[in-house]
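Keep the structure open while reading.

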Amino acid sequence: MRRFAELYYALDATTRTSEKVAALRAYFDESPLEDAAWGLRLLTGGRFKRTVSYPNLRRWAAEAASLPEWLIAECHEAVGDFSETIALVLPEPEEPEIPALAELVRTVLEPMRRMDEREQRAALEGIWRTMDGRHRLVFHKLLSGSFRVGAGRKLVIRALAAHAGVEPAVMEHRLSGSWEVSADGVRALCAAESEGGDPARPYPFFLASPVEGDAAAVEAALGPPSEWMCEWKWDGIRAQLIRREAEPVLWSRGEDMIGRAFPELIDAARGLPIGTVLDGEVLAWRGAPGEGDGVPLPFNALQRRLNRVDYQPTLFDDVPVRFLAYDLLEAAGADLREAPIEDRRGQLESLVGSLPNDTPVAVSEAFTVCHWSRGEAMKDSARERGVEGLMLKRRGSPYRTGRTRGDWFKWKVDPLTADCVLIAAQPGSGRRASLFTDYTFGVWDGERPGAGELVPIAKAYSGLTDQEIKRVDHFVRTHITGRHGPVRTVEPKLVFEIGFEGIAASSRHKSGIALRFPRMLRWRHDKQAHEADTLATMRSLLEWSERSIRTRGST
């Protein structure tokens, strides 16, 4: 734990990539393997679920520090970070004893999930009596599930690859999917030569970079359209369908095995040759395989499957799915990622074409445009087609790793928009923990703007500049009307244009509407709160969206 905390503070103290990579490599070079394994899991996004409630943690810390709870709450508001607040108010131990990270996980963090409140408090008080404030802060972040570190996954992979003496691309592939969090797991990751590998392991996903503007802007950025292959940008779950020696698996880009939610895709994968890896998109789809092309359904239809605990057969009938493949990464066990995209595409079409007609696996349509103006017109029609825009892939390009700019671009349709009123805010996390950066927006529930009450319609935290965030933060602090935990309700005065990719009915939201990927496009200084949009307008937009889906399904 001592070495891991040193790494946490070293990463937080610099913005230089070279210094972050050096600190990460030093951690892997110097840490015991079991500690390095848990450190790697945490550094690459693994977290412990919060097992101690904030009210309990605040109450127990107040009693341990002999302070009233209200003072802890005031300190939290001043500091901005709950983990740091608790670490600061507790008395320092006379002789700190810092356990190893793996020991802390084994003896405290994992067992605490099975403890009752009395046992949890005893375990925490034991840690507080022996661990100083500097290490308590990191421990509290692990305990609360809020641990974040100032280094992205790519930097961690670079550092571990340098430690192991392998190429970063090799290390990224080894870390894809599942790996054992243990000393043996780290040894396998850092082995000089691949030792067979996990037959269920996916390849690192290649991600597209955004390109924006009209046809002229795209031509200036990418050159003539003859150099590019176009596809529709589907609104589904990016995934790899893998058929190797073991049972087929379906990996999402979020590194989750999702095959249990889509058993028909696993069944279809059994018809693929052994040693096949397809890259593509899982889509909710209206129209059975073999009965015409059909149409994609909104993303929220897929969530009905993903969010289920018990997978009932009737649900599969209600929400049919299709896997649209757009790349072939492995064939007959051979890695094809360095082959030109046209070669991979040709083999993909041949392979999928050999499957039965009623299989729910198909190849995503590819096409060319003579002029970018034609591409712009197709992009602008995307929403009526149930897609997000166009994918542009450079001819002759290999399949790269991560968001490597230059070969894959996404040209998305302009977002849907609504003018909404800021009605609540809460502090952010990490470097923004002392600022109100996470906002709740509302629209009027009356028949006209300014009539009725403001109903929450969306939450957003991205889209503003640092200077704008500071101005909104000042507004929130000087216009508070209520407090609900970390949330502050505010006077409804500020109006923002909110952009979103889609709209759907939702029984979980008070407004009855859910927005997909909401974000702030701009601060509407030219509008007052009574001019913001209404719930009736949002319902009309929802009806338009649902009607568009029905129309696509009937054509």
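## Aromatic rings

In this predicted model, a cluster of rings is made up of Phe4, Tyr8, Tyr9, Tyr27, Phe28 and Phe147, which ring pairs link together. The structure as a whole holds 17 aromatic pairs. In one of them, the ring centres of tyrosine 27 and phenylalanine 28 are 5.6 Å apart and the planes stand at 65 degrees, so this pair is edge-to-face. Tyrosine 27 has 1% relative accessibility and counts as buried; phenylalanine 28, at 5%, is also buried.

## Charges over rings

Tyrosine 9, a member of the cluster, has arginine 134 over its face, 3.8 Å from the ring centre. Elsewhere, lysine 393 lies over the face of tryptophan 408, and the distance to the ring centre is 3.9 Å.

## Salt bridges

The whole structure contains 35 salt bridges. One of them joins arginine 136 to glutamate 92, with 3.1 Å between the closest N and O atoms. Arginine 136 belongs to helix α9 (residues 133-144), while glutamate 92 is in the loop between α6 (82-89) and α7 (101-109), so the bridge ties together parts that are 44 residues apart in sequence.

Aspartate 419 is buried, with a relative accessible area of 8%; lysine 527 is partly exposed, with 23%.

A further bridge runs between glutamate 497 and arginine 522, whose closest N and O atoms are 2.6 Å apart. Both ends lie in strands, glutamate 497 in β18 (residues 495-500) and arginine 522 in β21, so the pair ties together parts 25 residues apart in sequence. Glutamate 497 is buried, with a relative accessible area of 14%, and arginine 522 is partly exposed, at 41% relative accessibility. Salt bridges with shared partners also join Glu227, Arg394, Arg400 and Asp407 into one network.

## Helix α3

Just after α3 comes glycine 45, which takes a positive phi of about 105 degrees.

Technical notes. Residues numbered from 1 in each chain as written. Predicted model: local features only at pLDDT ≥ 70, side-chain atom pairs only at ≥ 80, totals over all residues. Heavy atoms only, no water. Phe/Tyr/Trp six-rings, centres within 6.5 Å; stacked < 30°, edge-to-face > 60°. Buried < 20%, exposed > 50% of the residue type's maximum accessible area, 1.4 Å probe, protein only. Lys NZ or Arg CZ within 6 Å of the ring centre and 35° of its normal. Helix = DSSP H or I, 4+ residues; strand = E, 2+ residues; numbered from the N terminus. Salt bridge = Lys/Arg side-chain N within 4 Å of Asp/Glu carboxyl O.
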